[in-house]
Amino acid sequence: MISGNGRKVVRQAGQRDPEATQGALLAAAVAEFAEKGFAGARVDEIAARAGVNKQLVYHHFGNKDDLYQAALETVYAQIREHERALHLGDLEPLPAMERLVGFSFDYLHRHPEFVALLADENLHGARHVQRSSRLKEMHSPLVTLMRDTLDKGAREGVFRSDLDPIDIYISIAALSYFYFSNGRTLSAIFGRKLGSPRNIAARRKHVIAFALGALRV
């Protein structure tokens, strides 16, 4: 619906299609929180970004805290969905872990909003993650899959037998996350343009070799 001044009137549309409204609000919230953090983001700006009435934010999500938690759950759900699409269980242990490490690096490279939201949530003591049962449940299938892959690799003599899937997950994430979360300071300190395509490709190769080297017998 278009008003007399040419601006879209979205409250009625939001009421007719609540799922689309929620999706628009979540996309806007992810972008706003990633750019400004929880403290700097404003509900008015999120509503404006989504093209909806501010009251619809409160109608669908309650308050700013709940919206921030929903934004976190959204970005985590997206990466978990992409991980499932890797079909690691269909691969032999070594190629499976190689694919997972490469994917983890590529995902953080392509999704700076994910890196930014995680950094901001850590600044706030992970209080939204702690209260979200959904976020904790999301990690269980991945940990189980990694455990099965590592155990199979150990039985076949490919991987060490003392590998803990949670430790490995944290190490894989750290190898890539730090590069992108601290890329600007590291570039300034070492005088390298770490964000250049050449350096990113070199880092990806290094991360995969380093991680697989730690797993092998």
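Tutor: The discussion below takes the charged pairs in turn. This is a predicted model, in which local features need pLDDT of at least 70, side-chain atom pairs count only at pLDDT 80 or more, and totals for chains, interfaces and linings use all residues. Residues are numbered from 1 along each chain as its sequence is written, and side-chain values use heavy atoms, with hydrogens and water left out.

Student: Why is the contact of Glu 32 with Lys 36 called a salt bridge?

Tutor: The term requires a side-chain nitrogen of Lys or Arg within 4 Å of a carboxyl oxygen of Asp or Glu. The closest N and O atoms of Glu 32 and Lys 36 are 2.8 Å apart, so the pair meets the definition.

Student: What makes Glu 32 buried or exposed?

Tutor: Buried means under 20% relative accessible area, exposed over 50%, and partly exposed in between (1.4 Å probe, protein chains only). Glu 32 has 2% relative accessibility and therefore counts as buried. Lys 36, at 40%, is partly exposed.

Student: Why is Asp 162 called exposed?

Tutor: Its relative accessible area is 55%, so Asp 162 passes the limit for that class. Asp 162 forms a salt bridge with Arg 160 at 3.0 Å, N to O; Arg 160, at 34%, is partly exposed.
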